[in-house]
Amino acid sequence: MRRIVAPSRLPQWFRLMALWLFIVALPGCAAVKAPQEDSWLAPDHMEKEIERNRFPVAKGDDVVGRLAVVRLEKGDTLPDIARHFGVGLNAVSAANPGVDVWAPEAGVRTMLPLSFILPNAPRKGIVVNLATMRLFQYKGDGTSPVVSTYPVGVGTRERPTPQGPMRVERKAARPTWHVPASIAADHRKKGDILPAAVPPGPQNPLGEYALYLSKSGYLIHGTNKPASIGLKATNGCMRLYPENIKTLFSDTPVSTPVVIVNQPYLLGQRNGVLYLEAHTPQEDSGAAELQRIYEKLKAIEKKSARPLDWEKIRKVQAEARGIPVPIFEISPGSEDGIPKLVEVEHPAKLYGKPEPPELNMAAWYVLAADVHDEIDARRMAAIINHQGPPIPAQVIPKNNSYRVIAGPFNTAGEAREATRRLKLDLDMDGIVIEPVGKM
């Protein structure tokens, strides 16, 4: 039989979920009713693939990309969908209110927010919009500009990402992380002693590539925590999916200008149609930004001598789903220019999706939880699976309950390290379990 070798109380599910909700702080939890869909959001046809990151910018247009939907399959999570299709967790969650982030129902048609209104900033170099948690990189000449866009994780309220103009000062592949004193102090308070420097490898939070900005101490870099992209979870830097930072790193020369803005409400036009995109404002930025947009809309209404649908505008602003919504035909009869929503085939394998290994009775494991509800167990296992560096976890039915097991691990030391990380990252008290036959 397996023997528990490190007695500890079981993790508390409600405490874990409260912690996760605090970290994520996203709209679209399971208790929120999804808004009624507009007719233009009905899928028009099926496609195998859809462009995710690189878009041409037509002259006079401010809107790029297309909206799409994909049907979820058993075992999918929204972080898996977000990473595969190149969006952040904030974006896919806001676009799909009512869909469970960690244990969504199979067969649910989930929106992919792959259409974007470009920020109100010079279209040169790199522009980051903190409110949308998205980076835009402009390339090409004035006749055929192209924008590449990627989701980012940004700073927390306590350590926000700075705004304003700056530039890329230097670049580094496989960077070493020199731990700032303030971050080391925070970790010490939790009993986690960090080294002065973390070399390249799976423990390095900078990932494989880093762009060092002219504002000292701030970087655009990769990550060993992909599920944090689209969250306010950094110490002020901007982190990208590993596959996105690799592309950005190779495409960005030293001295590239960088502008960081905070624009939760965006107006833009495409093909004679005016669009409004609304996001949940960060902290105290909402009122001023909303007033700025309303003033622009009133000016458009006055110039066109036609009334705007203010009820629809307020609905878009209140729902804050983060997708461009058509609100006004600048040129009468231009409604035909609105791109049709497409349905995308579910890929055979979602890129980056954690795949827990088979059970190995000769390995070490950690009992993370023993709960009665299967959905709660699936959520817990998914949250653990998406830690970085990865901690494999799965659900094992046992009698009338469900056990969440982390592992397998090759040694007792690896199992104890996983237990330590579960406590630090998720405030979970795991129990180390020896291999079968160990005494």
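First, a definition: axes are lines fitted to C-alpha atoms, for helices over the stretch in contact, and angles run from 0 to 180 degrees between N-to-C directions. Helices (H or I, at least four residues) and strands (E, at least two) are DSSP runs, numbered from the N terminus. This is a predicted model, where local features need pLDDT of at least 70, side-chain atom pairs count only at pLDDT 80 or more, and totals for chains, interfaces and linings use all residues. Residues are numbered from 1 along each chain as its sequence is written, and side-chain values use heavy atoms, with hydrogens and water left out.

Now the helix pair. Helix H6 covers residues 286-304 and helix H7 covers residues 310-319. Their axes are 13 Å apart, at an angle of about 155°. That makes H6 roughly antiparallel to H7, a term for angles over 145 degrees. Which residues meet there? From H6, Leu-290, Tyr-294, Leu-297, Lys-298 and Glu-301; from H7, Trp-310, Ile-313, Arg-314 and Gln-317. Contact here means heavy atoms within 4.5 Å. By class, this contact has five nonpolar, one polar and three charged residues. Nonpolar covers Ala, Val, Leu, Ile, Met, Phe, Trp, Tyr, Cys and Pro; charged covers Asp, Glu, Lys and Arg; the others, Gly among them, are polar.

Stay with Gln-317, in helix H7. Is Gln-317 buried, partly exposed or exposed? Gln-317 is partly exposed, because its relative accessibility is 21%. The cut-offs: buried is under 20% relative accessible area, exposed is over 50%, partly exposed is in between (1.4 Å probe, protein chains only). Beyond four places in sequence, Gln-317 touches Tyr-265, Ala-278, Leu-290 and Tyr-294. Glu-277 is 40 residues away in sequence, yet 7.8 Å away in space, C-alpha to C-alpha.

Next, Tyr-275, in strand S20, residues 273-278. Tyr-275 counts as buried, at 2% relative accessibility. Its contacts beyond four places in sequence include Val-63, Ile-117, Leu-266, Pro-324 and Ile-338. Phe-116 is 159 residues apart from Tyr-275 along the chain, with 10.0 Å between the C-alpha atoms.

Last one: Thr-252. Where is Thr-252? In the loop between helix H5 (242-251) and strand S18 (257-261). Thr-252 is buried, at 1% relative accessible area. A polar atom of its side chain lies 2.7 Å from the backbone oxygen of Leu-248.

Methods. A polar contact is a pair of N or O atoms within 3.5 Å; within protein, one must be able to donate a hydrogen and the other to accept it, and residues adjacent in sequence count only if both atoms are side-chain atoms. Angles under 35 degrees count as roughly parallel, over 145 as roughly antiparallel, 65 to 115 as roughly perpendicular and the rest as oblique.
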